[in-house]
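Here is a short briefing on the aromatic contacts and the sheet in this model. Take a look at the structure first, and then we can walk through it together.

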Amino acid sequence: MERNSSLWKNLIDEHPVCIIWKQEAEGAIYHLASILFVIGFMGGSGFFGLLYVFSLLGLGFLCFAVWAWIDVCAADIFSWNFVLFVICFMQFVHIAYQVRSITFAREFQLLYSSIFQPLGTSMPVFRTIALSSEVVTLEKEHCYAMQGKTSIDKLSLLVSGRMRVTVDGEFLHHIFPFQFLDSPEWDSLRPTEEGIFQVTLTAETDCRYVSWRRKKLYLLFAQHRYISRLFSVLIGSDIADKLYALNDRVYIGKSYHYDIRLPNFYQLASAEMPKSPLTEHFRNSRRNCDQ
């Protein structure tokens with residue numbers, strides 16, 4: 001305790017106090033460096049935020065090094081600031097290389113700028129998502145899934161084109177770019193369960209979509225919790241959009257609305273289960289409306 005108090009006394013009490021202050025201001029280089037530091041520390045997060053911070057801090061340290069070399073003539077001040085400038089410069093080059101090395105195909109660029117970037121997803125995270133997927137082309141009038149035949153083994157997101165969803169030949173709704181093709185089917189099954197599409201998805205135009213294999217995507221969720229939460233939000237929002245679109249056309253009676261692609265209802269419509277009165281009522285009401 002005595003040693004600490006004596007050290008504090010040597011540093012504060014016995015340190016020579018400035019009696020005469022310099023009247024003239026430091027040179028312009030010193031003030032420029034201070035301004036660069038103030039602006040630099042206002043930088044944001046993410047890759048481009050780091051580029052902003054390290055570029056301005058590096059310039060600030062360089063100005064301090066020049067000021068120490070020209071005005072102060074102090075080797076230690078020059079050395080420290082020059083070392084810090086080199087560190088900032090190396091960090092800037094490293095981050096710039098990372099940003100430049102992350103390049104995607106056109107479909108992934110559209111997907112990132114339209115969906116993932118507004119949610120604050122960084123490029124490295126999106127790169128992990130993109131590497132686990134594939135881009136598939138579907139020609140006009142070709143089926144992505146057939147009712148009662150196609151197994152639910154992937155999750156796909158439409159990038160371009162338009163698809164229609166039908167059940168027993170009756171139109172339900174369209175799927176437009178940047179909407180999931182099979183979000184209700186994905187949400188209706190647990191990771192260990194298997195299922196079959198209860199609707200038919202047909203391309204009305206030439207379509208391109210990004211697809212993730214079911215097992216591979218669940219493995220990605222287990223490794224990256226953020227990606228799991230991100231897809232949970234996207235899939236939930238997509239199901240809600242489909243429900244609103246479907247309720248404009250499919251209804252039962254006067255006040256009850258159902259999305260037959262959601263688990264609670266399409267289990268009733270499954271061919272493996274006996275038809276319930278609710279299903280018959282649904283079909284009869286549709287026929288009456290068509291008439």
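Over which ring does the charged end of Arg214 sit? It sits over the ring of Trp186, 4.8 Å from the ring centre (a charge counts as over a ring if NZ of Lys or CZ of Arg is within 6 Å of the ring centre and within 35 degrees of the ring normal). Please keep in mind that this is a predicted model, where local features need pLDDT of at least 70, side-chain atom pairs count only at pLDDT 80 or more, and totals for chains, interfaces and linings use all residues. Residues are numbered from 1 along each chain as its sequence is written, and side-chain values use heavy atoms, leaving out hydrogens and water.

**Aromatic pairs**

- There are 21 aromatic pairs in the structure (rings of Phe, Tyr and Trp, the last by its six-membered ring, with centres within 6.5 Å; planes under 30 degrees apart are stacked, over 60 edge-to-face, the rest tilted).
- Phe116 and Phe126 make a tilted pair, 5.1 Å centre to centre with 50° between the planes.
- Phe116 belongs to helix α5 (residues 106–116) and Phe126 to helix α6 (residues 123–131) (helices are DSSP runs of H or I, at least four residues; strands are runs of E, at least two, numbered from the N terminus).
- Both Phe116 and Phe126 are buried (under 20% relative accessible area, 1.4 Å probe, protein chains only).
- Ring pairs join a cluster that includes Phe116, Phe126 and Trp186.

**The sheet**

- Four strands build an open, antiparallel sheet in the order β2-β6-β4-β5 (strands pair if DSSP finds at least two bridges between them).
- Its edge strands are β2 (143–145) and β5 (170–175).
- Strand β4 (residues 163–167) pairs with β5 over five bridges, and Met163 has Ile175 in β5 as its bridge partner.

How values were computed. Buried < 20%, exposed > 50% of the residue type's maximum accessible area, 1.4 Å probe, protein only.
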